[in-house]
Each structure stands twice: as C-alpha cells, then as structure tokens.
Amino acid sequence: MEQVVIIGTGCAGLTAAIYTARANLSPVVLTGTMPGGLLTTTSTVENFPGFPEGIDGFQLMQNLQKQAERFGARIQFGNLESVDFSGKPLKLVIDGETVETRTVIVTTGSSPRAIGLESERLLEKMGVTYCATCDGALPQFRNQPLVVVGGGDSAVEEATYLTRFASKVYLVHRRDTLRASVIMQQRAITHPKIEMVWNSIVTEVLDVAQKKVTGVKLKNIVTGETSTLPCAGLFVAIGHTPNTAVFGGALDVDEGGYIKLYGGTRTNVPGVFAAGDVADHVYRQAVTAAGTGCAAAIEAERFLEANPV
Ligand code: NAP
C-alpha cells in the first residue's frame, strides 16, 4: 500500500512531491494528461519568486520534477479513471489498475474553457486553439492577423506573445475594461500590433467548410452591430474549469466545480487533501499553487502520523 499518491504534476503537485519525498514517504506522483501542468504551456514566468530575469514555464516544471525525484518521488505516467473514498484504504483506479493508498493529494488543476460555439469545436486544431505558447509559432499563423478572446491576464499575455508572429492581433473582449493586471494591460494597450475590440463577442468561427479559420463573426453587445473580422487563428483565453469530474460525488465541490476545503487543504474525506488551482478560484498563481502543495504535504504527513495503520 502507498503512503501518499499525488494526482497531478503542476506546481502544487510537484511541490507536494518534494515535501513528501523529503519526509521519506516515497510518493507516487501521477502525471495525468498534461505532465507539468498548465505552466508548461506558458512562456516566461516573471512572477515566481527567486528568478529575477523570469524563467521559462517548461524549464521551471522540469526543475521541480528533478528536485522531487532527487528525494525519491516516483513520477508515474498515467490517468486517474475513478476513485473509491468510501473506506480505508483509499482506492484509485489508474489506467485500469487499482492502487491503494493511505493519503491522496489532489492537484489536478484546471483546463481552458471554451466559448461553446459549434464552429469553435469543429475548427479546434484547425486554427482554433487554447494555448498561444503551444501553437502561436505554427506556420499557418505567421504574418497573419490573429484574434484573441478574453480580458484577463491569460488573454493579454497570449495577445502580447502572439505579436512575435502575427501581422496584427485583435483582442476581443466582452466589456470595455480589462480584468488583467495593470502592468499586463499597459503592455497590450500600448503595443503597436495589438488592437482592442471592446464590448464584443465571437458568435461564429469561419470557415467550417474550408476546414480552416478564415475569420470570426463578431457582435457588439452594446450596439448590437455585427461584423466579420478576417483572421487566420482564434486563440481562446477566457478562463478555466477545475478538473474535478473524475471524483464524481466523492469530494465536495462548490458551484464552480472547485474542491471545497474544510480548514487548510483538508477535503471532506479524511486523508484526502487538495491544493493548487483545483481548489482555488481566487489567486490561481504558480506560487500560491506551490504554497498550498507544501501545505497539503505537511497535512498528509501529520495525518499519517496521527493515524497509524
Ligand atoms: P480570468 O481572470 O478569469 O479572465 C477570464 C476572462 O475571460 C475575463 O476577462 C472574462 O470576461 C472573459 N470571459 C469569461 N467567459 C467568457 C465568455 N464565455 N465569452 C467571452 N469572454 C469570457 O482568467 P485568466 O485570464 O485565465 O486568468 C486566471 C488567473 O491566472 C488569474 O488569477 C490571473 O491573474 C492568473 N494569470 C496570471 C498571469 C501572470 O501573472 N503572468 C498570466 C495568466 C494568468 P469578464 O472580465 O467580463 O469577466
């Protein structure tokens, strides 16, 4: 039986892995479908303490993984299929195999949200994308006009990043003020290649028949006016949904699907802890994820001490 299984290898999961590994608990750390988590899809991380020049997101995650492995964390490539938290030990089905464990740290993070248009779904990976850093440099986007949707830090960061490749970037936002932090806003609004499209939503992505993005239909939600904006790519950056579906009803979640915590990182199930974006709709930062990952590790360690087999 395992002492600790950590589900997820983002900032929270790998920090929990470093701490539990250093406590000689030899954690299993399950990667899920996105090893390294969302930070691997970002460009330079400028606000993680300790890196005055910033650090590449992918590099940061590699460093964290190496650090965890140095102390004996066991990274396992695989997917969680279901859980049974009804008794002791806790049971996890991972790629068809049942794993028994005394504690679980859930750090499954969140996934990018879609606008919800049929044309968006049909053109995914044919010009519609949810990750500028993953796809922005593709030949189809070079020297072309591109559209980013959203008004938060992600949208602004993606728009700024895309100016490296695009002839022009339109940032389409449903209101007339950005939610993004002031420093990021200023960068976008003053950038010569970025044009703001305020009070507007995308109502259709063109052109499904051609199996590629040729433009987007827009609606100004203040005036009701509609228009077509030619572009070669649509980058959707409108927030995230927590990855909690796999837990079914086993863990309490709030109305947004985020795991509910009952003091520290404790969930409703004794021995199950949650950290990072899966339980945080407020801060959602790499450093807060790392911080709560550390807290979950310490709480798991204390739980094991207080509940000997
Ligand atoms: P967010 O802050 O929740 O912003 C989502 C944006 O999408 C909002 O502007 C929202 O509009 C818009 N939106 C939501 N649903 C929409 C829909 N159906 N159609 C059109 N627009 C829609 O999400 P985020 O930008 O991904 O940021 C998440 C967290 O990560 C934040 O805490 C952010 O600070 C952090 N982050 C930080 C950095 C950084 O510091 N470098 C980079 C990326 C993200 P409204 O404004 O009208 O609600």
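Predicted model: local features only at pLDDT ≥ 70, side-chain atom pairs only at ≥ 80, totals over all residues.
Residues are numbered from 1 along each chain as its sequence is written. Local features need pLDDT of at least 70 and side-chain atom pairs count only at pLDDT 80 or more, while totals for chains, interfaces and linings use all residues, and side-chain values use heavy atoms, with hydrogens and water left out.

**Exercise 1. Work out which residues hold the ligand and which polar contacts they make.**

Step 1: sort them by class (Ala, Val, Leu, Ile, Met, Phe, Trp, Tyr, Cys and Pro are nonpolar; Asp, Glu, Lys and Arg are charged; the others, Gly among them, are polar). You get nine polar, seven charged and three nonpolar.

Step 2: look for pairs of N or O atoms within 3.5 Å. Asp153 puts a polar side-chain atom 2.6 Å from a ligand oxygen, and Arg179 also has a polar side-chain atom 2.6 Å from an oxygen of the ligand. With Gly152, a polar backbone atom sits 3.4 Å from a ligand oxygen. On its own the ligand has 920 Å² of accessible area (Shrake-Rupley, 1.4 Å probe), and the protein covers 79% of that.

Step 3: Helix α5 (residues 153-162; a DSSP run of H or I, at least four residues) gives the most, with three residues. Domain 1 (2-111 + 240-306) and domain 2 (114-236), whose bounds come from an automatic or database assignment, each supply at least three.

**Exercise 2. Find the cis peptide bonds and say where they sit.**

Step 1: check omega. Lys88 to Pro89 is cis, at about -5 degrees; Leu206 to Asp207 is cis too, with omega near 15 degrees.

Step 2: Pro89 is in the loop between β6 (80-84) and β7 (90-94), and Asp207 is in the one between β14 (200-206) and β15 (215-220).

**Exercise 3. Locate the residue with a positive phi that isn't glycine.**

Step 1: Ser26 comes out near 45 degrees.

Notes
Polar contact = N/O pair within 3.5 Å; in protein donor to acceptor, adjacent residues only side chain to side chain. Helix = DSSP H or I, 4+ residues; strand = E, 2+ residues; numbered from the N terminus.
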